[in-house]
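Colleague: I am new to this structure and would like a guided look at it. Could you show it to me before I begin with my questions?

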Amino acid sequence: MRLVLLGGPGAGKGTQAKALAKHWKIVHISTGDLFRYHRDHGTELGLLANRYMAQGQLVPDEVTEKMVEDRISQSDVASQGGFVLDGFPRTVPQGEALSAILASKHQHLDAVLYIFVPEEVLEERLVGRRVCPQCQANYHVSLNPPKIADTCDVCGATLIQREDDQPLTVRTRFKVYQEQTSPLIAFYEKRGLLRTVDGNQTPDQVTRALVSAVGTVADD
Ligand code: ADP
Ligand code: ADP
Ligand code: ZN
């Protein structure tokens, strides 16, 4: 199973990618998490990426595509039989690069799942988002709070707010999404891969809708 999750910042891609990875026992690949891992470990790639991330801008395509190609080529992806991509592609050139990467492996995507959420809901989700710096679990101060305030349910680490979830940067990210990422909706629609799901429901409801949307692909 090879899936792509599409949706605005805060649409629930990370939350749903984790659920789908568990459901199908496939690998969750988040380019945001990969960049943050590099940034936190002070690698050259991480330092470069952070110049863009902190501003809410996209990391250049070439750098991002190379990182994804390396990750998709790792052995766990082959042994688990697939992946769910979260946060990639984010531009039409990245979408073309992904097709080329997969074609070179004689592979293709099974579906592109577009999680639609209105922008005012996205904003509320982003400014209330808290993340675990240790295990990458996601929370929301009111919509999805941890059992103990500011503490990760999974690993006990103290939760943090992402630098790019500040209101000003959030505004930039919406603009970047509209201009650079939303054209991918038509790109995948044209290829017959797009399945749109209402993301403005509880996380469990969204997961069920995504699973059934993929089910309709297998029957096509
Ligand atoms: P993305 O990866 O698309 O940016 P996340 O999965 O990180 O989105 O979710 C953004 C925020 O919204 C997080 O705080 C998360 O806990 C919360 N969230 C995710 N899905 C839902 C949902 N269906 N309803 C309410 N809040 C949600
Ligand atoms: P969100 O889940 O809120 O949409 P991500 O965690 O996916 O945010 O991404 C955080 C930041 O990492 C982005 O704002 C961007 O700077 C960088 N990034 C992540 N994925 C990509 C990508 N495919 N291309 C370019 N930059 C990316
Ligand atoms: Zn944790």
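Predicted model: local features only at pLDDT ≥ 70, side-chain atom pairs only at ≥ 80, totals over all residues.

Colleague: Which residues of α4 are buried?

Modeller: In α4 the buried residues are T64, E65, M67, V68, R71 and I72. They lie on the same side of α4, because they cover an arc of only 160° around the axis.

Colleague: Now the annotations. Which residues does the "binding site" annotation that includes G87 cover?

Modeller: According to UniProt, in an unreviewed entry, that annotation covers T31, R36, Q57, L58, V59, G87, F88, P89, R90, Q94, R162 and R173. These residues are spread over 143 residues of sequence, and in space they are up to 24.5 Å apart between C-alpha atoms. R36 and R162 from this set are included in the lining of the largest cavity.

Colleague: Where is G87, and is it buried or exposed?

Modeller: G87 sits in the loop between β3 and α6. Its relative accessible area is 7%; the cut-off for buried is under 20%, so G87 counts as buried. Not counting residues up to four places away in sequence, G87 touches L5, K13 and T31.

Colleague: What about Q94: where is it, and what does it touch?

Modeller: Q94 belongs to helix α6 and is buried, with a relative accessible area of 2%. Not counting residues up to four places away in sequence, Q94 touches V59, D61, T64, E65, F88 and P89. Two of these, T64 and E65, are buried residues of α4.

Colleague: Which side chain makes a polar contact with the side chain of Q94?

Modeller: The side chain of D61 does, at 2.9 Å.

Colleague: Which residues are in the "binding site" annotation that includes K13?

Modeller: The unreviewed UniProt entry lists G10, A11, G12, K13, G14, T15, R129 and Q201 under that annotation. From this set, T15 is taken into the lining of the second largest pocket.

Colleague: Where does K13 lie, and what is it in contact with?

Modeller: K13 lies in helix α1, residues 13–24, and is buried at a relative accessible area of 9%. Leaving aside neighbours within four places in sequence, K13 is in contact with L5, L6, G7, G8, D86, G87 and I115. The side chain of K13 also reaches the backbone oxygen of G8 at 2.9 Å.

Colleague: Finally, where is Q201 found, and what is its relative accessibility?

Modeller: Q201 is found in the loop between β7 (194–198) and α10 (203–219). At 28% relative accessibility, Q201 counts as partly exposed. Leaving aside neighbours within four places in sequence, its contacts are R125, V206 and A209. A polar atom of the Q201 side chain lies 2.8 Å from the backbone oxygen of D198.

Methods: Residues numbered from 1 in each chain as written. Chains lettered and ligands numbered in written order. Heavy atoms only, no water. Buried < 20%, exposed > 50% of the residue type's maximum accessible area, 1.4 Å probe, protein only. Helix = DSSP H or I, 4+ residues; strand = E, 2+ residues; numbered from the N terminus. Arc of directions from axis to C-beta. UniProt positions renumbered as here; feature names shortened; annotations may be inferred. 1 Å grid on protein atoms, 1.4 Å probe; cavity = no way out; pocket = protein on both sides within 12 Å on 5 of 7 lines; lining within 4 Å. Contact = heavy atoms within 4.5 Å. Polar contact = N/O pair within 3.5 Å; in protein donor to acceptor, adjacent residues only side chain to side chain.
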